[in-house]
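Work through the exercises below with the sequence and the 3D view open. Each task is followed by a solution in steps.

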Amino acid sequence: MELSIKHIHEDRFNRYFAIAIAFHVLLVVFGVGITKLMDLDIFKIERDPKNLEIIQSSVRIDVVAMPKFTVQELKKMKVTEPVIEEKGEVVKEKAKEDIIKPDDIVIEKKEPKVDLGNLLSNLSKKEKKVKIIKGKKTGELDSKSKKELRNLILEGNKVSAGTSTVGDSLAVEKTMFNDYVSALPNMVRPYWKLPSYLMDQGLQCRIRVFIASNGKILNTEIYESSGNSEFDKKALNSLKQVSSFPQPKSEITARLASGAVVLGFPL
Amino acid sequence: MKALLLTFLFVFNLSAQESLTVVAVGEAEVEKETIEFVKPKISFKTNPRQASEVKEIYSIVNEDFAFYKHKYSLEVPTIGNANYKVSIIFNDFKNVKVEVVNTVDSARSSSLTIPINSKNIITTAHNVADKIYESMTGDKSIFKSKIVFVSDRTSNGRKTKKELYIMDFDGRRKQRLTYTNSLIISPSLSPDNTKLMYSAIESKWKKSSRGTPHKVKNLNVYIMDLATKKTTLISELDGMNSGAVFSADGKDIYLTLSLAKNADIYKINLATRKRTQITTHFLDDVDPHINKAGDQLTFLSGRSGKAMIYTMDPRGIEKNIKRISYVGRFNAAPRFSPDGAEIVFASWVDDLFDIYKIDSNGDNLVRLTKNSGSNEEPSFSPDGQFIVYSSQKVISRKKAVQNIVIMNREGEIIKQITDNYGKSYTPRWSN
């Protein structure tokens with residue numbers, strides 16, 4: 001009697017144990033399967049059919065005192081010291097070369113209209129102007145306040161800005177790519193201009209950019225038109241004027257060249 | 001097992017698919033367009049007066065457009081065409097014909113006819129400029145707007161008097177409105193610009209606790225009908241009745257009353273004179289201004305210990321109070337932009353007032369004026385592109401001038417529109 005009871009008990013235990021294990025395994029399999037499906041299939045497709053990923057600067061504002069500089073002053077600084085926020089060393093060097101270009105163009109634009117009589121004096125004036133700017137850069141401001149200033153100009157009066165990386169991948173390549181890509185708007189913005197009648201209409205266009213391994217823009221194509229050809233033209237034009245971005249690191253060149261970047265004007 | 005495999009395959013497939021990254025470039029900057037105003041064409045025999053008036057119309061139109069220098073350049077480009085070519089044509093002295101040719105997009109060209117008011121050539125000129133601007137942008141310009149302000153120019157040596165005046169947006173045609181012989185402060189125009197509300201300091205007889213009558217000064221609120229110049233007393237409660245502004249529909253007013261010892265903001269219905277208390281804090285709340293939508297009120301409050309700017313929902317009592325400014329030693333006179341998205345105000349910095357702008361939700365605090373005296377009392381233009389304010393400059397230890405200046409919303413100074421017209425205070429732009 002005792003034995004048979006024991007036997008029955010053992011038998012039952014084994015059977016239920018097996019069922020429990022099978023049940024748990026199935027539960028895990030289903031759980032994983034369903035979440036994967038939900039996460040990668042249903043949800044993503046609902047959000048963005050083409051697997052788009054949007055990068056926007058996340059902004060924190062710390063106001064500690066009334067702003068010292070006026071909007072006009074900040075604007076002037078923007079002209080003399082265009083801004084590039086970069087982390088990669090290679091990129092930084094290249095970026096500095098690029099800064100000089102827009103600088104020159106802006107100064108040339110500000111030159112008074114052609115006047116034979118003033119041509120010579122204008123030339124000398126131009127030289128002086130450049131000198132003054134340089135003086136401003138080196139003198140007066142110490143490096144700390146300069147850095148603060150740079151940040152100020154960068155994002156208006158936003159004191160600190162970071163990039164929110166989308167997704168959970170910790171791959172270095174991905175952050176590298178995001179760093180590179182999030183620096184692009186600052187280079188395009190100086191050339192992104194619209195006549196007033198096109199401004200407050202809520203137009204938006206997106207342009208796909210193919211970037212060569214040396215940073216040059218290989219090709220641009222309208223990814224999403226605004227519906228207004230002039231608006232699209234102005235957006236394309238701003239990229240034409242940039243012509244070249246900083247040289248990307250070799251890990252991300254393939255992605256950039258395949259046109260993985262879409263620039264949103266304005267979003 | 002099969003299902004699992006399929007899922008994995010699908011996932012792999014998805015990640016292998018090309019992924020695109022969208023980066024926002026942000027809002028564009030304004031690119032200036034060029035306008036060429038062709039010299040006026042006259043194709044009828046003019047008398048000398050008409051000839052000079054044609055010239056005047058032409059120059060006023062040019063001066064008006066110079067206000068929008070952040071949008072338009074009036075310098076004729078040396079290479080190529082201007083974006084707009086504007087011809088002003090006089091076939092007779094009844095109408096002005098205007099041809100606006102858009103050289104970039106001919107579909108946006110237009111031709112206009114504006115009647116000439118021979119009795120008032122300045123009105124005609126502003127009308128012409130307004131119609132041209134409207135044809136270019138589809139928006140209303142500021143060219144027909146007015147500015148109300150207070151000046152002490154009638155003061156004599158002993159007594160300071162402050163009276164109300166009205167002028168064109170560009171400072172032309174100044175006109176006196178009140179003859180009160182007292183001190184007038186905080187003017188405010190009704191939404192339809194037909195009524196003007198203000199506070200005047202007046203003496204009134206009051207019985208003291210012992211029963212003997214004596215004179216006390218009181219700040220009372222009046223409304224003037226601008227067409228008939230008739231004034232109506234609105235509020236003469238004991239203490240402060242001031243800083244009154246009209247509600248968006250013009251049926252109510254919001255003002256500061258000091259009924260409960262400290263100053264609070266009240267609403268008074270103009271038809272029923274029913275009074276509702278809006279703020280109840282034991283520290284002072286003053287200087288209300290309401291947005292066009294009527295759902296947000298901004299005011300100055302000492303509830304944090306310093307004079308700071310707050311917003312609230314004026315449809316309730318102490319409803320949705322939100323502090324907007326956190327910095328500055330003393331902030332004053334907050335005013336909404338016409339779209340309600342921004343607030344301009346003055347703040348005390350380095351022993352002077354300067355003008356700052358902030359989003360109505362408290363973001364994007366920027367400075368607009370600097371190194372140009374003490375600047376206060378800002379007020380937005382009806383199109384939201386300009387801000388008028390009063391600017392005080394100290395000339396010597398005993399002398400200071402206070403003039404009214406217009407800048408654009410980015411702080412670029414456009415024009416000083418009063419010069420030595422007494423000391424001019426509290427400019428308020430019409431709606």
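**Exercise 1: a strand and its hairpin**

Decide how far strand 23 of chain B is enclosed, then find its partner.

Step 1. Six of the six residues of strand 23 (residues 331-336) of chain B are buried, so the strand is largely enclosed by the rest of the structure. Buried means under 20% relative accessible area, exposed over 50%, and partly exposed in between (1.4 Å probe, protein chains only). Strands are DSSP runs (E, at least two residues), numbered from the N terminus.

Step 2. Strand 23 of chain B runs antiparallel to strand 24 (residues 342-349) of chain B, and four bridges join them. Two strands pair if DSSP finds at least two bridges between them. Opposite Phe336(B) stands Ile343(B) in strand 24 of chain B.

Step 3. The two strands form a hairpin with five residues between them, and Gly340(B) in the turn has a positive phi of about 75°.

Before going on, note the conventions. This is a predicted model, in which local features need pLDDT of at least 70, side-chain atom pairs count only at pLDDT 80 or more, and totals for chains, interfaces and linings use all residues. Residues are numbered from 1 along each chain as its sequence is written, chains are lettered from A and ligands numbered from 1 in the order in which they are written, and side-chain values use heavy atoms, with hydrogens and water left out.

**Exercise 2: aromatic pairs**

Trace the aromatic pairs of Tyr165(B) with Phe149(B) and Tyr421(B).

Step 1. Rings of Phe, Tyr and Trp (its six-membered ring) pair if their centres lie within 6.5 Å; planes under 30 degrees apart count as stacked, over 60 as edge-to-face and the rest as tilted. By this rule there are 26 aromatic pairs over all chains.

Step 2. Phe149(B) and Tyr165(B) are stacked, at 5.7 Å centre to centre with 25° between the planes. Phe149(B) lies in strand 8 (residues 146-151) and Tyr165(B) in strand 9 (residues 163-168) of chain B, 16 residues apart. Phe149(B) is buried at 0% relative accessibility, and Tyr165(B) is buried at 1%.

Step 3. Tyr165(B) and Tyr421(B) are edge-to-face, at 5.5 Å centre to centre with 85° between the planes. Tyr421(B), in the loop between strand 30 and strand 31 (424-429) of chain B, is 256 residues from Tyr165(B). Tyr421(B) is buried too, with a relative accessible area of 16%.
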